[in-house]
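Have the viewer open and follow along.

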Amino acid sequence: MYFQILRLILWPRTPDEPRIVKFEKGIVNVISGSSKTGKSAVIPIIDYCLGADKCAIPVGVIRESCSWFGILIETLEGQKLLARREPGELQRTGDMFVLDGVELQIPNQIEERNTTVDAVKGTLNRLGGLTGLDFEPGGEGGFNARPSFRDMMAFTFQPQNIIANPNVLFFKADTTEHREKLKTIFPYVLGAVTPAILEARWELDRLQRNLRRKETELRGLEAANAAWRTEARGWLRQAIELGLLPPDQSLPEEWASIIDLLRSLPSGAPRATPSLEGLDVALGRLETLRTQEEEAARELFIHRQRLNELRRLLESSDAYGGAIRVQRDRLEISRWLRGLEADADDPIVKLATADREPLLALCDALEGLEVQLQSYPSLSDTLSKEMVRQRAAAEVTLDKLNAVRREISELERVSEEAASVMFQFDRVERFLGRVEQALKSYDSFDQSSGLRADISDLRAQIAALQKTIAEGDIRRIIDNAIDQLQHTTSRLIPRMDAEWADAPIRLVIPELTVKVIRGSRDDYLWEIGSGANWLAYHVALVIALQEFFLRDVNHAVPGFLVFDQPSQVYFPRRRSEGADDEDQKSEWRDEDIAAVRKVFKVLGEEVRSAGGRLQVIVLDHADEGVWGGLDGVKLTEEWRGEKLVPEGWVPRSKS
């Protein structure tokens, strides 16, 4: 997901102008400084502006001096300013201020909110192309709730308490809530559980409920038929006693003859004349049912039409995505233009490369367009929930329509019988009613072939869907993804200061950690000593995950990483805080400087290889004397004497 942070903004409570920290796209942005300057507040500020449930920005000077916090981001839709009010005495506030545009100007002040945090979360979910379906149908949210943009933050932030932690590998995975949800979404972010699989799970749940209902209906018919067969001869004897059959009537042995004789009972019974009032009631009910039938049929037509429109919309989206990819391939002319200088003997090339600056400016503009064409958000992920809802609504309407039509048919039949048949005696009427009901049950069972066909069809559909969501296939895709991550980390770890450079590490999703494979034994992260090892494994895995995510241009995880204090395992604060003191600089061991430099070099090389789609922000005590001169690594600001919050914002009593 193309997602770059351009600015971090703090608005003061005083009339001063906002504090703006500028970041560049597609490089490693370093903020270097001493302790207590606000470096460790950067991750909580970004997280808070991206819709965090709680405000984790440190209390004290920062919270008391600022009224709003904000970030300016760049996405495929252009720039977006996301600002959120400081919550005061509360843990959070839903007040947010959002601006959209191609190039935004940061306002000097924010007076009132213009949206809410829930609306911003919805926008971020849409930008990530995240499905609206829960992981398990029929659930009530919780750990199996739908994936959200907030869940993706686990793969972007490495705060100071995480980056070299042997027990916690991912952001906020030290709490049960985030830990369990992260286990749930891992198959989704690794591509093993797709939106199509989630849709199949919901459809499977609906079909299984229908199957259970129809099987129950069939079992009821079978039970009624078995009971009625045992009672049929007794009813014939009772019909003789009531005078409905002649006293010398012999009872047949064949089942078909018994049925025919029972069917003849109502026609041989005495009749009574139905009342006009009764017919009027029946006719009135019929008119009401006809109206309901028309309404249900119209509603069913609307649902089916909407389903067809959704399918056409998905087909159009896929076709448009293909066209975008064709345009992207055709637009790779920037690389050709830059390479014109290769053939210096060609007079045309000499003419084109005589003045390189306009040509390079054109190449930069084309590269920006090519980057934006590398991603195209898919509509299919966001429309899955609507497709399921429309199918369910259509089914409910169809059941309603069938019920109305059955009542119409029954009322018409009963009305005809009421016009010609009424028995004189209550006992005869009750008896004949029982016989008629039994015959209906028998006829229903006799006509149950349609129900059996429905059950067979449902079972076939369920079997097909179960193949789509086969757990074995999901497990295989997860294992393949973990193999790819292991291959990438095996390339990265030897370039850093890990103790066992040649020992591969493997992600263990149930434990949310890694294990180091050393010969005949595997050691989990918490079983291994040395902060240098923990740091190397953290950095290697989060970079490997980003490489994996960037292979899918529409992946939901944003393409940025923020590291806080990666050098802490080498440079204690007491040494780094005196970075301006040459005597203290001399205390740093050469091997520690080299080890930290390796980490920064790996980060710089990875952002360069990502071609502008990955941005890294590093907050650290180490200055340019440690990591300076590395390709792809650039100093953003140095906070020594300067801080995140300007001194002028702080009341003198709190300075």
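## Starting from Q390

Which helix holds Q390? That would be α13, which covers residues 379-420. Keep in mind while browsing that this is a predicted model.

Is Q390 buried or exposed? Its relative accessibility is 1%, so Q390 counts as buried, the cut-off for that being under 20%. Setting aside neighbours within four places in sequence, the contacts of Q390 are H303, R306, L307 and L310. As a reminder on helix geometry, an α-helix has 3.6 residues a turn, so residues three or four places apart point the same way.

## The overall picture

Zooming out, the protein has 655 residues, and 47% of them count as buried. Its secondary structure comes to 21 helices and 14 strands.

How much of the contact set links residues 24 or more positions apart? Taking the contacts with a separation of 6 or more, such pairs make up 72%.

## An enclosed helix: α1

Now hop over to α1, residues 42-49. Here 8 of the 8 residues are buried, so the helix is largely enclosed by the rest of the structure. The buried set reads V42, I43, P44, I45, I46, D47, Y48 and C49, with D47 being one of its members.

Just past the end of α1 you'll find G51, whose phi is positive, at about 95 degrees.

## Where α16 meets α17

Next up is a helix pair: α16 (residues 471-492) and α17 (residues 531-550). Their axes come within 9 Å and cross at roughly 125 degrees. The handedness of the crossing is right-handed.

Which residues make the contact? On the α16 side they are A481, Q484, L485, T488, T489, R491 and L492; α17 brings A540, L541, I543, A544, L545, E547 and F548. Sorted by type, the residues of this contact split into 9 nonpolar, 3 polar and 2 charged.

## A loop aspartate: D134

Last stop: the loop between α3 (117-127) and α4 (149-152), which is where D134 is found. With a relative accessible area of 17%, D134 is buried, because the cut-off is under 20%.

What does the side chain of D134 reach? It gets to the backbone nitrogen of R146, at 2.8 Å.

Conventions
Residues are numbered from 1 along each chain as its sequence is written. This is a predicted model: local features need pLDDT of at least 70, side-chain atom pairs count only at pLDDT 80 or more; totals for chains, interfaces and linings use all residues. Side-chain values use heavy atoms; hydrogens and water are left out. Helices (H or I, at least four residues) and strands (E, at least two) are DSSP runs, numbered from the N terminus. Buried means under 20% relative accessible area, exposed over 50%, partly exposed in between (1.4 Å probe, protein chains only). A polar contact is a pair of N or O atoms within 3.5 Å; within protein, one must be able to donate a hydrogen and the other to accept it, and residues adjacent in sequence count only if both atoms are side-chain atoms. Axes are lines fitted to C-alpha atoms, for helices over the stretch in contact, and angles run from 0 to 180 degrees between N-to-C directions. A crossing is left-handed if the near helix is turned anticlockwise from the far one by less than a right angle, and right-handed if clockwise. Contact means heavy atoms within 4.5 Å. Ala, Val, Leu, Ile, Met, Phe, Trp, Tyr, Cys and Pro count as nonpolar, Asp, Glu, Lys and Arg as charged, and the others, Gly among them, as polar.
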